[in-house]
Amino acid sequence: MSAPVSPSTKPIVGVIMGSSSDWDIMKHAVAMFEDFGVPCEMRVISAHRMPQDMADYGADARNRGLRAIVAGAGGAAHLPGMMAALTPVPVFGVPVPSKYLRGEDSLLSIVQMPKGVPVATFAIGEAGAANAALHAIATLATTDDALYNKLVAFRARQTQAARDMRIPPQS
């Protein structure tokens, strides 16, 4: 699609995760942003081990130019909800699969937000991370014609790939 975003480009999206172990899932969001040429930053911000860093990140997000935050976490998964409570920037939550409950605990933690503190919540795992990024991209595309055109072209390629599928699948 697009060339990778230059590291000197000011990020407009934050991709945050509770631990570096979440990277295997969250890299799918970053890849989507890179494919669309949307500058993003990546950070580990643990809601439980670095609460002040989390509060500072949320408080300063809009001032630093962020227009969306994709937040992934596993287990208790408080990061997306707490980030939504700390910033007016839209938060897109990704439940990361957990060791014991396959990410169902993460999903429920993120999706059950109280009225007034919304987190757009996606599927558990890789598909959720990619779709969170695509939803953020679609949101940004409402005011960015070039990004809108990239999104329309992406969807057209998906449609054509589905139309080209044959049964039984050919190798």
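**View 1. Pairing of strands S1 and S3 in the predicted model.** Strand S1 (residues 13-17) runs parallel to S3, with five bridges between them; strands are DSSP runs (E) of at least two residues, helices are runs (H or I) of at least four, and both are numbered from the N terminus. Two strands count as paired if DSSP finds at least two bridges between them. Across this pairing, Gly14 faces Ile69 of S3. This is a predicted model, in which local features need pLDDT of at least 70 and side-chain atom pairs count only at pLDDT 80 or more, while totals for chains, interfaces and linings use all residues. Numbering starts from 1 along each chain as its sequence is written, and side-chain values use heavy atoms, with hydrogens and water left out.

**View 2. Strands S3 and S4 with helix H3.** S3 also pairs in the parallel sense with strand S4 (residues 91-96), over six bridges. Here Ile69 is opposite Val91 of S4. From S3 the chain passes through helix H3 (residues 79-86) to S4, a β-α-β crossover that is right-handed: with the strands pointing away from the viewer, the path from the first strand over the helix to the second runs clockwise. Six of the seven residues of S3 (residues 68-74) are buried, meaning under 20% relative accessible area with a 1.4 Å probe and protein chains only; over 50% is exposed, and partly exposed lies in between.

View 3. Five strands make up an open, parallel sheet in the order S2-S1-S3-S4-S5. S2 and strand S5 (120-121) are the edge strands, each pairing on one side only. S1 and S2 are joined in the parallel sense by five bridges, and Met17 has Val44 in S2 as its bridge partner.

**View 4. Surroundings of Glu41.** Glu41 belongs to strand S2 (residues 40-44) and is buried, with a relative accessible area of 10%. Its side chain makes a polar contact of 2.6 Å with that of Tyr57; such a contact is a pair of N or O atoms within 3.5 Å, where within protein one must be able to donate a hydrogen and the other to accept it, and residues adjacent in sequence count only if both atoms are side-chain atoms. Beyond four places in sequence, the residues in contact with Glu41 (heavy atoms within 4.5 Å) include Pro11, Val13, Arg64 and Leu66.
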